[in-house]
Amino acid sequence: MSRSALVGNVTAMLEDAGFVVSDRCAIRPKSFDIAARRGDDLILVKILGNIDAFNEATGHEMRRLGTYLEATPLVIGLRSRDEDLKPDVTYFRHGVPVLSPDTAYNLFIEDVPPLIYAAPGGLYVNIDGDLLADEREDREWSLGQLASELGVSRRTVSKYEDGMNASVEVAMALQELFETPLTSPVDVLEGADDVHETETTPDDPDADPDDEQVVAVLTKAGYSVHPTLRSPFKAVSRDEDDGDNDVVLTGHSKFTKAAKKRARIMSSIGRVTHTRSVYVVERAKQESVDGTALVEREELAELGDVAELQKVIRERAEHEEAA
């Protein structure tokens, strides 16, 4: 299957599941292909035939964007090396959850989350330690007796009851012993932090030298500016003093056909992520592109604060919608 067809299939699946899906980010480089929202659940999705192409830099950017946009970064892929990804298993690459299309279908269409996750050493599941302890005590088994049944140490059983996860084989043995499920699903939409400990959000990259002046103006106006390297926008700018945490996707370049394309993608992403977007240019003959406000560099420098910029962005987007 071609990557384009795979992206189309995943997009259709998410739409069938009730997600509003952005236009495809048909530019390079790109950290994610589509943004999708269903209610409060917002996901940024990278779609790959082979997930080995998902590198650390892209993973770091997706995790940063997940933090700034309150979204879950997610990779949907077919295989790793020459082996297909297993169904109903959550994998991880550079701190980002990875699902096969079948696993994603079960999660989003059938509302059946994966129970298994891959980690160094094999496949594992979450064990409900409190329930395990209750079941063991109901049978009046000691830790040693259960350990003997499982072929593990007493200390290992104690760790299971304290919340340590178990291999699939141990989980199956426990289910056979107690004739009741003792596992809990991987909470993919919460970043799967309950089963996968990751480092803190990677630091922001340095802004492109050509963007430093724009970043300085936005910062002076009162925005916290987070540069990006692999997105349709150059930065995510946030008004931290706003109770609603006003977020603006920010672009900057000469006003070319490529800039118009980026502005349109930014607008589509903004409609899904519930953010506004602004594109800073040297000269512009129009006020906006599909809802992305255009602001000339000199005009931006003259705006006094966040409120003035917000007003300009809002008015230009609304003017185009009314036209």
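This is a predicted model: local features need pLDDT of at least 70, side-chain atom pairs count only at pLDDT 80 or more; totals for chains, interfaces and linings use all residues.
Residues are numbered from 1 along each chain as its sequence is written, and side-chain values use heavy atoms, with hydrogens and water left out.

Figure 1. The chain has 11 helices and 17 strands, where helices (H or I, at least four residues) and strands (E, at least two) are DSSP runs numbered from the N terminus. Of its 323 residues, 49% count as buried; buried means under 20% relative accessible area, exposed means over 50%, and partly exposed lies in between, with a 1.4 Å probe and protein chains only. The chain exposes about 16100 Å², of which carbon and sulfur atoms supply 44%, and such areas come from the Shrake-Rupley method with a 1.4 Å probe, with only the protein chains shown counting as cover for residues. Among contacts with a separation of 6 or more, 59% are between residues 24 or more positions apart, a contact being heavy atoms within 4.5 Å.

Figure 2. The structure holds three aromatic pairs; rings of Phe, Tyr and Trp (its six-membered ring) pair if their centres lie within 6.5 Å, and planes under 30 degrees apart count as stacked, over 60 as edge-to-face and the rest as tilted. In one of these pairs, the rings of W141 and F178 have their centres 5.8 Å apart and their planes at 50 degrees, so the pair is tilted. The pair links distant parts of the chain, since W141 lies in the loop between α4 (129-138) and α5 (143-150) and F178 in helix α7 (residues 168-178), 37 residues apart. Both W141 and F178 are buried. R139 lies over the face of W141, at 5.4 Å from the ring centre; a charge sits over a ring if NZ of Lys or CZ of Arg is within 6 Å of the ring centre and within 35 degrees of the ring normal.

Figure 3. A cis peptide bond, with omega of about -10 degrees, joins R28 and P29, and P29 itself lies in the loop between β1 (20-21) and β2 (34-38). R81, in the loop between β4 (72-80) and β5 (83-84), has a positive phi of about 55 degrees although it is not a glycine. With a relative accessible area of 62%, R81 is exposed. D111, in the loop between α3 (101-108) and β8 (116-119), is not a glycine either, and has a positive phi of about 60 degrees. D111 is exposed, with a relative accessible area of 62%.

**Figure 4. The surroundings of D210.** D210 is found in the loop between β11 (183-184) and α8 (212-221), and it counts as exposed because its relative accessibility is 57%. Not counting residues up to four places away in sequence, D210 touches H252 and R297. D210 and S253 are 43 residues apart in sequence, and their C-alpha atoms are 8.6 Å apart in space.

Figure 5. L229 has its place in the loop between β12 (224-227) and β13 (235-238), and at 46% relative accessibility it counts as partly exposed. Leaving aside neighbours within four places in sequence, L229 is in contact with P29, E61, P205 and D206. T67 belongs to helix α2 (residues 56-69) and is partly exposed, with a relative accessible area of 42%. With neighbours within four places in sequence again left aside, T67 is in contact with T201 and R238.
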